[in-house]
Amino acid sequence: MKQNLNLLKEIILFKMNGKILVACLLLYSGAANAQKKGLENPVTLFNGKDLTGWKQLNGKARYEVQNGEIVGTTVPGEPNSFLATEEIFGDFILELEFNVDPTMNSGIQFRSEGKPDYQNGRVFGYQFEIDPSSRAWTGGIYDEARRDWLYPLEYNPAAKTAFKQNEWNAIRLECIGNVMRTFVNGIATANLVDDLTPKGFIALQVHAIEKKEDAGKQIRWRNIRLQTKNLEPTPYDNIFVVNTISNQLSEQEKKNGLSLLWNGKTTDGWRGAYKEQFPENGWEIKDGILSVLKSTGKESENGGDVITLKEYSAFDLQFEFKLAEGANSGVKYFVTEKEGNKGSAIGLEYQILDDATHPDAKLGVVGNRTLASLYDLIPSIKVKRGLHKIGEWNTGRIVVYPDNRVEHWLNGYKVVEYQRGSPIYQALVARSKYAQWPDFGMAEKGHLLLQDHGDHVSFRSIKIQELK
């Protein structure tokens, strides 16, 4: 572009007088700026002089104005502190800049609340994460004092490089309807679809500290601007989308190539394993939830497993599941039915289990029959914040790449990774219960399966993206 501009200058200088030259250069400059469209008629949330329009909530970290910036300073012995707008906002686009000490943590609350009857007035709601640590989740979305992580940046690892240490970083936050998107220095970092809280205040967080030597750490914010009318979202990209709305696809998900594997209403696209039709009993569809009903606690002795009509090879499968206490089930892939066995159909299995009370968790080897494990082959990594309580919904994900790399995910954390057909994989199969099946798990393609293990387990939001 710089070379083109220089060439344009030379042509104009050679052929035109000074007045036309100025007009042409202004026109060119305007066209270039149009490619970087910012906010139209933004509201300035911070006047650069004092904290008019803001109020402090919860902790007593220090907030003050210096050189046209809001400066937040850590104070020992205080909980998370928030400088919140007095005004409430629903749909908006927020832009600001921040510069944070590399050794502290912070965030920007949005659509957030603080109520006397909720944890004694503790601030809760969506948070744009500011994380200068080696974890590098700046731009991820956290649910403060409520549901924990909604969009950890493990979903979008390429965005971990967007944040710049010891520099001013520019953010953009788009909240339009139930779609929330974050950007750091022009790079898309998170895309969340969620409808739990449609409006609330915006707040600047100074995180609590545990060590006295961490007192005095600072974060600075400036150029805080907000637009609430005539909102135009950034064009769609291709980053991963977290969608908590049951059995629905967002426009971004559709663009990414996802489709619903179960429509939330009927048995279309599914049948019983080793059967031509969907089971007449043992399964229930109610209120957008597909459930296997409690029976004997044994494999396939009631309705039996259900499988997709279509077979898949490389794919990204997402699903939500909810366990009753003591329940056992699984999601299998590369199911061919060629074994003709009794009980559950044979296939690679993402284990679904109440590890605390079901005896299967203590069987197998080194925990390879626990939740999200590759059943009887590879144990899942136990992530401290990666498990929701029994009776709550969990999000599972199975990714099979065209080169036969496979990943298991649980609530935003990758917990299993392996290569189908590798020497290690073959050795694991040889010492497992699957050793009797030739070429176990190595089919070029196969059905996807939801297991009936005789316990009450529910599924919803089953969606898939075929990978090429």
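A polar contact is a pair of N or O atoms within 3.5 Å; within protein, one atom must be able to donate a hydrogen and the other to accept it, and residues adjacent in sequence count only if both atoms are side-chain atoms. The model is predicted: local features need pLDDT of at least 70, side-chain atom pairs count only at pLDDT 80 or more, and totals for chains, interfaces and linings use all residues. Residues are numbered from 1 along each chain as its sequence is written, and side-chain values use heavy atoms, with hydrogens and water left out.

**Overall layout**

- The protein chain holds four helices and 29 strands; helices (H or I, at least four residues) and strands (E, at least two) are DSSP runs, numbered from the N terminus.
- The C-alpha trace of the protein chain spans about 85 × 65 × 40 Å along its principal axes.
- Of the 468 residues in the protein chain, 50% are buried; buried means under 20% relative accessible area, exposed over 50%, and partly exposed in between (1.4 Å probe, protein chains only).
- Among contacts in the protein chain with a separation of 6 or more, 66% are between residues 24 or more positions apart; contact means heavy atoms within 4.5 Å.

**Nonpolar core**

- In soluble globular proteins, nonpolar side chains tend to be buried together.
- A nonpolar core is a set of buried Ala, Val, Leu, Ile, Met, Phe, Trp, Tyr and Cys residues joined through side-chain atoms within 4.5 Å.
- The largest nonpolar core has 98 residues, and those touching the most other members are Leu94, Ile108, Trp221, Ile224, Phe315, Leu317 and Tyr333.

**Largest pocket**

- On a 1 Å grid over the protein atoms alone, a cavity is a set of points where a 1.4 Å probe fits but cannot get out, and a pocket is an open set with protein on both sides within 12 Å along at least five of seven lines; lining residues have an atom within 4 Å of a point.
- Grid points are joined across faces, edges and corners, and a volume is the space filled by probe spheres set on the points.
- The largest pocket has a volume of about 760 Å³.
- Its lining consists of 30 residues, and Leu150, His388, Trp393, Thr395 and Asn411 lie nearest the centre.
- At least two lining residues come from each of β10 (148–151), β16 (242–243), β22 (315–323), β25 (394–400) and β29 (457–466).
- By class, the lining of the largest pocket has twelve nonpolar, nine polar and nine charged residues; Ala, Val, Leu, Ile, Met, Phe, Trp, Tyr, Cys and Pro count as nonpolar, Asp, Glu, Lys and Arg as charged, and the others, Gly among them, as polar.

**Cavities**

- The whole structure has two cavities of 30 Å³ or more.
- The largest cavity holds about 90 Å³ of space, and of its 14 lining residues Phe334, Glu339, Asp439, Phe440 and Gly441 are closest to the centre.
- Eight nonpolar, three polar and three charged residues line the largest cavity.
- The second largest cavity holds about 30 Å³, and its lining includes Leu261, Trp270, Leu317 and Phe319.
- β22 and β28 (447–450) each give two or more residues to the lining of the second largest cavity, with the largest share, three residues, coming from β28.
- That lining has nine nonpolar residues, no polar ones and no charged ones.

**Asn256**

- Asn256 sits in the loop between α3 (251–255) and β17 (258–260).
- With a relative accessible area of 15%, Asn256 is buried.
- A polar atom of the Asn256 side chain lies 3.0 Å from the backbone oxygen of Ile239.
- Beyond four places in sequence, Asn256 touches Asp237, Asn238, Ile239, Val241 and Gln465.

**Ser344**

- Ser344 lies in the loop between β23 (328–335) and β24 (348–353).
- Ser344 counts as buried because its relative accessibility is 3%.
- The Ser344 side chain makes polar contacts with the side chains of Asp305 (2.7 Å) and Gln451 (3.1 Å).

**Gln218**

- Gln218 belongs to strand β15 (residues 218–227) and counts as partly exposed, at 26% relative accessibility.
- Gln218 and Val71 are 147 residues apart along the chain, yet their C-alpha atoms are separated by 6.6 Å.
- The side chains of Gln218 and Thr73 are joined by a polar contact of 3.1 Å.
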